[in-house]
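Trainee: I'd like to learn how to read a structure like this one. Could you walk me through it?

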Amino acid sequence: MTTVANLLKTLRNYAGINQTTIAEALFIRRSTYAKIEQEKTALTVQLALKIAKFYGLKFHHLAQCLENEVHLNSILTKRKVSKRFIKS
């Protein structure tokens, strides 16, 4: 089973962004996001929805990855992870 930590880190690395960038896009502190990535703080459904939207994914794709129904790599290769919030 994929952990929340692995899923979030993989998405973030795939998009080529750091914790500060995603935290700012989600309107949370970087330290809060880091705790979620380290699984010291639970990922809420509301925040998971925002994360999915940030990356241009549907919420059920994230849920499927966590349930190990689908490997994240298969989702990433079929969809272009959104970088619309990333400043050049």
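**Reading the chain**

Mentor: Let's start with contacts, meaning heavy atoms within 4.5 Å. Of the contacts in the chain with a separation of 6 or more, 59% are between residues 24 or more positions apart. Keep in mind that this is a predicted model, where local features need pLDDT of at least 70 and side-chain atom pairs count only at pLDDT 80 or more, while totals for chains, interfaces and linings use all residues. Residues are numbered from 1 along each chain as its sequence is written, and side-chain values use heavy atoms, with hydrogens and water left out.

Trainee: How many helices and strands are there in the chain?

Mentor: Helices (H or I, at least four residues) and strands (E, at least two) are DSSP runs, numbered from the N terminus. Here you'll find 6 helices and 0 strands, so the pattern along the sequence reads α-α-α-α-α-α.

Trainee: Is alanine 5 buried or exposed?

Mentor: Buried means under 20% relative accessible area, exposed over 50%, and partly exposed in between (1.4 Å probe, protein chains only). Alanine 5 has a relative accessible area of 10%, so it's buried. You'll find alanine 5 in helix H1, residues 4-15. Skipping neighbours within four places in sequence, alanine 5 touches Glu37 and Glu39. Across the chain's 88 residues, 35% are buried.

Trainee: And which residues is arginine 12 in contact with?

Mentor: Arginine 12 is in helix H1 too. Leaving out neighbours within four places in sequence, its contacts are Ile17, Asn18, Gln19, Ile22, Tyr33, Glu37 and Tyr55. Arginine 12 counts as buried because its relative accessible area is 12%.

Trainee: At what angle do H1 and H5 pack?

Mentor: Two packed helices are described by the angle between their axes and the distance between the axes. Axes are lines fitted to C-alpha atoms, for helices over the stretch in contact, and angles run from 0 to 180 degrees between N-to-C directions. For H1 and H5 (residues 59-66), the angle is about 130 degrees and the axes are 10 Å apart.

Trainee: What do we call that arrangement of H1 and H5?

Mentor: Under 35 degrees is roughly parallel, over 145 roughly antiparallel, 65 to 115 roughly perpendicular, and the rest oblique. That's why H1 and H5 are oblique to each other.

Trainee: Which residues meet there, between H1 and H5?

Mentor: On the H1 side, Val4, Leu7 and Leu11 meet Leu62, Cys65 and Leu66 of H5. The contact has 6 nonpolar residues, no polar and no charged. Ala, Val, Leu, Ile, Met, Phe, Trp, Tyr, Cys and Pro count as nonpolar, Asp, Glu, Lys and Arg as charged, and the others, Gly among them, as polar.
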